[in-house]
Every structure is written in C-alpha cells, then in structure tokens.
Amino acid sequence: MNGPQLSELPDDSEQLRPYISRLRRRALQAGELSAVRSLSSGFLLRFLRARDFDMELSLKLLLNYQRWRRESPEISSCLSPSSVLGLLNTSYHAVLPQRDCTGSRVLIYRIGQWNPKDWSAFQVFRVSLMTSEIISRENETQRQGLKAIFDLAGWSLSHALQINPSLARKISSVLSDSFPLKVRGIHLVNEPMFFRPVFAMLRPFLPDKIKQRIHMHGSDFRDSLSGFFSSHILPPEYGGHGPGITQVCQDWTNHLLQSENLLQQIAAHPTDGAKSQSSNKNGKKADSESSGSSFFTWFIVLALLGVWTSVAVVYFDLVDYQGVLDKAKGLQINLSEALQGKLVAYDTDGDGDFDVEDAKVLLDEKPGCAPGGGAKKGIDVQPHA
C-alpha cells in the first residue's frame, strides 16, 4: 500500500503497527528523545500521516518537532487559552465547524482584530500553536490537512513592527518542517496594496510548491473565494451561508477553553496519547545573521507579515529566510540597489527613492491616506495553466 492508502486506515489497523514500531525504534535510536517518557502510537501516527508514511521524512519531522519544543520554551511551554482570552474574545481567530469539500480544516485569522499594543507577537503565535495542537489530533485533519483564510483588513505598520528580523528568523528556524500538519492552501483577503509589489519581487526566490499554495483575493473577494470553498461552510462576511464570523470565533474560543487541561498536558508531555473528549460542530471527536541583509530582511518581514502578520508564514514553513538570503548571495545581487530600482514606482513623496516614509503612506499610516483596498479581483500568485 502507498502512503495515502495507509493514511486512510484506522489507528488500530494491524497494517500500521510495523510503521509505528519502526518509527518509535528509529526515534529512540536517534538519542534526542532521552527525556521523553513515552511515544504513544497516536502521537507517532500524526508524523507518519503528515509525511505519507515516508519513514525518513517522518523521523525528521518528529525530531524537529521535539527539538524546537526543547530549545524554545518561551513558545512551547505556555499553552493556556485563558492567558490570551482577551485576544480570543476580539473574534480574531476561528476554525470553521465544517470542513471543505476535500476534508480539510478551514481556519480564519482576522489580523485587524489584533491590537499590537495589547498583545505581543509571541502571544498571537501561541493562539495558532494551540489550535494546531488540537486539530493535529483529528484523524481527518492528519489525512486532509488544513487551509487558512487570512483577513488582512486593518493590517498596519504597527503589526509589522511587532516582528523584528531576528525574531522572525527565530520562529522560522525553530518551526521549519517541524509540525505534523499538511497545509493545503493559504488565502489572503483584503491584503494591502503594498503587499503585491513586494511579493512579486520575492516570488522568484520561493519554491514552486509555495507559489501554488498562496492565493490573493483582494477586497472584492467573495466571488473568487467561493471558487475554493463551498458557500455553506463560509460565514456570511466571507460570501457564504454558514454561521456568522462572531459566532464561529466564539465557538472555537469555547472549544479551546474546554481543552485547557489537554493543552497543559501537551505543553508538559507532548508525546503522550491524551485525546480531547469534546466534540465539534460537525460531530467528529476532536481527536547566523548575514552582513548587509538588513534591508532585504525587513522587506521579507513586511511582505510576509502581510500574508499572516508574523504568524502563519513562518509557522507553516512558507519561506526559509536564510535560504532566500543565501540564494541572493549566490546570485551576487546588490539587494538594496535592486529593490530600490524596482520600488521607485512606489515613491509617494517624490524624493527619488522608496523609503520608510513611502511605506507608511502605502500602509495607510499617515492621516488622510485613502484606505488600501487591494485588487478588485482575486488572483493566484501562480499563473493558471
């Protein structure tokens, strides 16, 4: 049987046991899990399904997962929904009660609901980590993955400034290829107009699989978004006929709060096999810095924070910052000159170049600026065949 066929088998299938036993044996032989008290079969299956039962890739994913948890306790040790209840109560984040037609979980993030003055980037990141830990326990999500909709209405420079280059690299390095979830699609709505020209410059550096994953829909997103998601699962605010966004956000907040004990167990002993006993709406059980890189790194951060304002891009391994910089070095490109040449068209104050003041105008940071509405048609960043 191939990987996808194995993924369809139930957890207690006899055919899965040799894979589980082999992964457990290989993990313990690696010598990096000496402090782990147990490796439950359910825990190991998440990594096998996330890599379609490829043993080497599953082992790498497992070791990376355990490594970043060990090396970054400031991210992994606090998984308490009540500690970020104020943020959750702003209707910032939801998991839709129904899956899409492929069986993927659908997550929504509303960046404008996050006030950077009240909540740090690490706290925002923990919200995503808590959701990811919960849904990664669902068998159907292990098989079919997730898709995310990021509503960037209200995104501003103050959100971007929450993440400096070193922090972005830290999150990227500890979470690159380190979480057992398949990301099937990233959809942006209400993205700022500043994002598109910058992303266009970053696009040549990105792997093809990443280009095919990201879709931009602009401010007039309802028709184009419906081409990817059935209307009955989307909230009315996103062109659908499902429950309203406030309700689905509150429902997911309640679900996280009900899972507080489970999340605390995960934080303390992530490799154990504890499962949530609550049910969701669809009736399923919730089972080294480079010199001279500062200018380009800041544009990576600003652009990618437009995709998921400091959280999803690095969390779901959408870009490898160091890899981008290394490629640029190999091509011997003077990044500052190259970017300034391409961005001169966005010189809003007429001083002959593109600088921070121009960025502020494009990001609607100055009084009197017209709000950035994005493009009028939803587009993919990759060309259609």
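Helices (H or I, at least four residues) and strands (E, at least two) are DSSP runs, numbered from the N terminus. The model in these views is predicted, so local features need pLDDT of at least 70 and side-chain atom pairs count only at pLDDT 80 or more, while totals for chains, interfaces and linings use all residues. Residues are numbered from 1 along each chain as its sequence is written, and side-chain values use heavy atoms, with hydrogens and water left out.

**View A. Serine 7 in helix H1.** Let us start with serine 7, which is placed in helix H1, residues 3-7. Serine 7 has a relative accessible area of 4%, and that makes it buried (buried means under 20% relative accessible area, exposed over 50%, partly exposed in between, with a 1.4 Å probe and protein chains only). Leaving aside residues up to four places away in sequence, serine 7 touches Arg49, Asp52, Phe53 and Arg143; contact means heavy atoms within 4.5 Å.

View B. Look for Ile245, Val248, Cys249, Trp252, Thr253, His255 and Leu256, the buried residues of H14. They cover an arc of only 160° around the axis, which puts them on the same side of H14; the arc is that of the directions from the helix axis to the C-beta atoms. Thr246 and Gln258, on the other side of H14, are exposed. The packing partners of the buried residues are helix H6 (85-88), strand E1 (93-95), strand E2 (105-110), helix H7 (121-135) and helix H15 (260-268).

**View C. Strand E3 and its neighbours.** Strand E3 (residues 146-151) is mostly covered, with six of its six residues buried. Leu146, Ala148 and Phe150 point one way from E3, Lys147, Ile149 and Asp151 point the other way, and all are buried. E2 and E3 pair in the parallel sense over six bridges; two strands pair if DSSP finds at least two bridges between them. Within E3, alanine 148 is the bridge partner of leucine 107. E3 also pairs with strand E4 (residues 183-189), in the parallel sense and over six bridges. Here aspartate 151 stands opposite valine 189 in E4.

View D. The structure holds nine aromatic pairs. Rings of Phe, Tyr and Trp (its six-membered ring) pair if their centres lie within 6.5 Å; planes under 30 degrees apart count as stacked, over 60 as edge-to-face and the rest as tilted. Tyrosine 65 and tryptophan 68 form an edge-to-face pair, 5.9 Å centre to centre with 85° between the planes. Being three residues apart in helix H4 (residues 55-71), the two are separated by about one helical turn. Both tyrosine 65 and tryptophan 68 are buried. Ring pairs link Phe43, Phe47, Tyr65, Trp68 and Phe179 into a cluster. The charged end of arginine 69 sits over the ring of tryptophan 68, 5.6 Å from its centre; such a charge is NZ of Lys or CZ of Arg within 6 Å of the ring centre and within 35 degrees of the ring normal.
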